[in-house]
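Q: Hi! Could you walk me through this model? I'll just ask as I go.
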Amino acid sequence: MSAQDVSDLEAQEARLVLPRFTYEDAWALGSLLVGMARERGAPVAIDIRRGPQQLFHCALPGSSADNDAWIDRKRRVVERYGVSSFLVGARFRAKGTTFEASSRLDPDRYAAHGGAFPVAVEGAGVIGSVTVSGLPQAEDHAMVVEALERLLSSYASAAG
């Protein structure tokens, strides 16, 4: 990963800030992700949290309990660093090292692999996370980003 890749991921996160995040919004985002995964035949598990409360969870055919363990590990990275698990891993790789080698965090509890993304709200900052696990890490990350972009677009359409 280059400094440009890191910069692109940082810009993506700055752009994906929501005006609000209610229980209904969590349901809409989770349902959107389930629909996307089903359309693509993606064997994923999906988790959405606000603070410590799990607001949405779904495991689709082909996923396993291992995906839930990955969700927990990636989510903890978002909770600790306040940015996506993919960005955290990218920052370490851009420095010529790895998260596992340099973070000094237990790899059984933390994974800086793509798929967990902060739920950030205007005026409040990071209030939760949305995580997908079951695809290669860049695809997990891309699925979450696409769903957040669609959710953000739906807010704009409703206000419009």
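Q: Let's start with Phe92 and Phe99: buried or exposed?
A: Phe92 and Phe99 are both buried, meaning under 20% relative accessible area, with exposed being over 50% and partly exposed in between (1.4 Å probe, protein chains only). Keep in mind that this is a predicted model, where local features need pLDDT of at least 70, side-chain atom pairs count only at pLDDT 80 or more, and totals for chains, interfaces and linings use all residues. Residues are numbered from 1 along each chain as its sequence is written, and side-chain values use heavy atoms, leaving out hydrogens and water.

Q: Thanks! How many aromatic pairs are there?
A: There are 3 aromatic pairs, counting rings of Phe, Tyr and Trp (its six-membered ring) with centres within 6.5 Å; planes under 30 degrees apart are stacked, over 60 edge-to-face and the rest tilted. One of them is Trp27 with Phe56, edge-to-face at 5.5 Å centre to centre and 65 degrees between the planes.

Q: And what does that pair tie together?
A: Trp27 is in helix H2 (residues 23–40) and Phe56 in strand S3, so parts 29 residues apart in sequence are tied together. Helices (H or I, at least four residues) and strands (E, at least two) are DSSP runs, numbered from the N terminus.

Q: Switching topic: which residue of S3 is the bridge partner of Ile48?
A: That's Phe56. In S5, Ile48 has Val130 as its bridge partner.

Q: How many bridges join S2 to S3?
A: 6 bridges, with the strands antiparallel; strands pair if DSSP finds at least two bridges between them.
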